[in-house]
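Morning, everyone. Let me walk you through one structure. Please look at it with me.

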Amino acid sequence: MNLNTKQFFKKAEDGGYAIPQLNVSSADQMKAVAKVALELKSPFIFGTSEGEGKFLGLRQAIALAEVYEKETGIASILNADHTKSLEKVREYLDAGYNSIHIDGSLLPYEENLEITKKAVDMARKVNENISVEGELGQIGGPGSSKILTEAVEIKEENLTSPKQALEFVEATGIDRLGVSIGNMHGISNITKPKLDFERLSELHEILKEKCVLVLHGGSGIPDDDIKKAVELGIRKININTELRLAFAGALKKALEAGETTPYKFIAPAQDATQKTTQEKIEICGSKNKI
Ligand code: G3H
Ligand code: ZN
């Protein structure tokens with residue numbers, strides 16, 4: 001698999017668009033995502049959380065990503081999403097992932113800095129062009145990609161401080177920074193995410209020459225807000241909950257209708273995944289960028 005993932009983000013920064021990260025936990029989802037990306041000529045990233053990667057199998061995920069790379073002609077980026085330990089980073093790198101996200105955002109600042117720096121060193125030893133993402137500030141919500149029935153409190157003190165972000169990026173050498181700017185994981189029935197655009201502009205102004213900015217919790221944010229975030233400097237957007245809802249909703253409908261042939265009940269779930277992926281590609285502005 002392509003090991004120069006940094007160049008994709010450089011192109012996104014230069015072109016002023018964002019690359020969507022679509023989280024997947026099955027071959028069916030990967031196939032659907034790759035198909036749309038090819039049709040729309042869009043760069044894209046497969047993301048697997050620790051749970052998703054474990055379910056898929058890291059080497060199986062790589063093998064599938066390689067197949068889609070060959071089939072689509074679009075280089076596959078496979079990102080280890082929200083990796084919480086250096087042992088996991090090692091596992092992902094050994095398996096052949098070409099993009100790493102080390103998430104020390106819940107740790108005290110100094111510990112986050114230390115684990116992130118170590119993860120960067122580990123990735124650089126495998127290949128200096130592997131793109132590494134760190135995270136600073138605490139993103140809202142309990143950290144799961146699902147519908148939340150509770151309210152989510154976004155505290156000012158958990159938002160990413162531009163000053164601290166500059167220090168963090170310079171000290172760790174990361175290529176990408178996941179930021180907390182009012183975004184949250186999952187979709188809450190009660191709290192609607194409200195992005196702090198002023199903070200985002202400031203972060204972009206300070207960091208644009210040093211790293212690219214990542215928006216986690218891409219589900220449930222109104223399209224216009226995502227577009228504005230891209231205009232103001234977001235270059236990667238992570239989407240999971242909406243993909244899960246699309247897949248599960250269509251699958252449920254097909255099963256409830258009595259369908260028992262797997263390729264017949266999975267196909268509508270893939271169609272729904274494609275529709276959501278297409279919408280996200282459109283708002284990221286990544287269409288026709290290959
Ligand atoms: O890292 C994954 C994402 O941040 C997904 O967030 O489930 O709210 O779309 P989401
Ligand atoms: Zn995330």
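Start with R199. At 12% relative accessibility, R199 counts as buried; buried means under 20% relative accessible area, exposed over 50%, partly exposed in between, with a 1.4 Å probe and protein chains only. R199 sits in helix 8, residues 197–207. Helices here are DSSP runs of H or I, at least four residues, and strands are runs of E, at least two, numbered from the N terminus.

A word on the basis: this is a predicted model, where local features need pLDDT of at least 70, side-chain atom pairs count only at pLDDT 80 or more, and totals for chains, interfaces and linings use all residues. Residues are numbered from 1 along each chain as its sequence is written, chains are lettered from A and ligands numbered from 1 in the order in which they are written, and side-chain values use heavy atoms, leaving out hydrogens and water.

Back to R199. Its contacts (heavy atoms within 4.5 Å) include E156, L159, S180 and I181, leaving aside neighbours within four places in sequence.

Now the metal. Which residues are the protein donors of the zinc ion, ligand 2? They are H82 (NE2), H185 (NE2) and H216 (ND1), lying 2.0 to 2.1 Å from the zinc ion. Donors are N, O and S atoms within 2.8 Å of the metal (3.2 Å for Na, K and Ca); water is not among the atoms, so sites may look incomplete. H185 lies in the loop between strand 7 (176–179) and strand 8 (187–188), and H216 in the loop between strand 9 (212–215) and helix 9 (223–231), so the pair ties together parts 31 residues apart in sequence. H185 is buried at 11% relative accessibility. H216 is buried too, at 1%.
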